[in-house]
Amino acid sequence: MKIAPNSTIKIEPLLALFLFLFTACNETDNQREIPTEAPFLVVLGVAQDAGYPQAGQKQEWELIKEKSARPKNAVALGLVDPTTKQRWLFEATPDFKLQLQMLDDVSETNNYPLDGIFLTHAHIGHYTGLIHLGREVMGTSGVPVYAMPKMKTFLEENGPWSQLVDLNNIEIKTQQDSSAIQLSNSISVTPFIVPHRDEFSETVGYEIRIKGKSIIFIPDIDKWSKWNQDVIEVIQKSDMALLDASFFKNGEISGRDMSEIPHPFVEESMGLFGKLSVEDKAKVHFIHFNHTNPMNFSDSEESKLVRDKGFKIAYEGQILTF
């Protein structure tokens, strides 16, 4: 194992401020152990599409200035196989450049920048980072982008994404519901349809299998009752589940009908998951926090309640090993 300190170089004051504001790290540990002989996941973002703080939210930016809060990237995962020097990104977010740098800090690849990108759907926090692969920025060649059929069509038929295809910056790989994609002898990825606001594309979650271990990733979904799968059984059959925690409770957004954005509230999820065993509860890592969600603060009463009930809260820079 190699040790990756959260801060390893001396930097100028302005750059230091920039990294404080925008680089994710473990809020409790000073060092992370980076596996060198087995695949692992790294959490590159935990926030809802627009991150934290959001544009125009003056009170949130004041908290950042006061160092009372830490910025958070939009939700994304990195999947790394250090033995083959391969790595894949789940979601291409508006924070792509920061998340790529985070991935560079813990991994390398023979196919820079990435061996592939897996997209869940066409909401802004989950695909718009693809712009960084275009001619105005990285000008990449043939980066594999895994997308469902409607998502593929959306990218191919709408600019500026269509230019990425036309210039071969990306190569779209069509996925099918519940059909596994074998990335290596020990890693496979299976997309599965979940209910959500599908204005432009399907929405999927992913099962990531690493050496026989099952990791479920569902950053966006409507109420659990709308899904044609039993989430309790899904958790029980998995080894880890990173699940939608956009809002902690109803009424969190004042002046807006939250039925228009019917994510499962964390309060609801904890009630539903209360029937799980202690071991199964510990598999649940809540992720994808809206800027209004008090779980953005690790010391909030709501975060403490989640942990007291036996669940976990994903954090940026978290290394997940199997």
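User: Which residue in β16 does leucine 41 stand opposite?
Analyst: This is a predicted model, in which local features need pLDDT of at least 70, side-chain atom pairs count only at pLDDT 80 or more, and totals for chains, interfaces and linings use all residues. Residues are numbered from 1 along each chain as its sequence is written, and side-chain values use heavy atoms, with hydrogens and water left out. Strand β3 (residues 40–45) is joined by 3 bridges to the antiparallel strand β16 (residues 319–321), where strands are DSSP runs of E with at least two residues, helices are runs of H or I with at least four, and both are numbered from the N terminus. Within β16, the residue opposite leucine 41 is leucine 320.

User: What is the bridge partner of leucine 41 in β4?
Analyst: Strand β3 also runs antiparallel to strand β4 (residues 76–81), and 5 bridges join the two; strands count as paired if DSSP finds at least two bridges between them. In β4, leucine 41 has as its bridge partner leucine 79.

User: In what order do the 7 strands of the open sheet lie?
Analyst: The pairing in this open sheet is mixed. Its edge strands, each pairing on one side only, are β8 (170–174) and β16. The order of the 7 strands is β8-β7-β6-β5-β4-β3-β16.

User: How many residues of strand β3 are buried?
Analyst: Buried means under 20% relative accessible area, exposed means over 50%, and partly exposed lies in between, with a 1.4 Å probe and protein chains only. By that rule strand β3 is mostly covered, and the number of its residues that are buried is 6 of 6.

User: Which residues have the most contacts inside the largest nonpolar core?
Analyst: A nonpolar core is a set of buried Ala, Val, Leu, Ile, Met, Phe, Trp, Tyr and Cys residues joined through side-chain atoms within 4.5 Å, and the largest one here has 52 residues. Apart from it lies another core of 31 residues, including Leu89 and Val145. Leaving aside neighbours within four places in sequence, leucine 79 is in contact (heavy atoms within 4.5 Å) with residues including Phe40, Leu41 and Trp88. The residues with the most contacts inside the largest core are Leu79, Phe273 and Phe286.

User: How far apart in sequence are the parts that glutamate 108 and lysine 85 tie together?
Analyst: A salt bridge is a side-chain nitrogen of Lys or Arg within 4 Å of a carboxyl oxygen of Asp or Glu, and the side chains of glutamate 108 and lysine 85 meet in one at 3.8 Å, N to O. Glutamate 108 lies in the loop between α3 and β6 and lysine 85 in the loop between β4 and β5 (86–90), so the separation of the parts they tie together is 23 residues.

User: Is lysine 223 buried or exposed?
Analyst: Lysine 223 forms a salt bridge with glutamate 268, the closest N and O atoms being 3.0 Å apart. The pair links distant parts of the chain, with glutamate 268 in helix α8 (residues 266–273) and lysine 223 in the loop between β12 (213–218) and α7 (231–237). Glutamate 268 counts as partly exposed at 37% relative accessibility, whereas lysine 223, with a relative accessible area of 18%, is buried.

User: Which helix holds both lysine 304 and aspartate 308?
Analyst: The side chains of these two residues, lysine 304 and aspartate 308, meet in a salt bridge at 2.9 Å, N to O. Lysine 304 counts as partly exposed at 41% relative accessibility, and aspartate 308 as exposed at 54%. The two lie 4 residues apart, about one turn of the helix, and the helix that holds both is α10 (residues 301–308).
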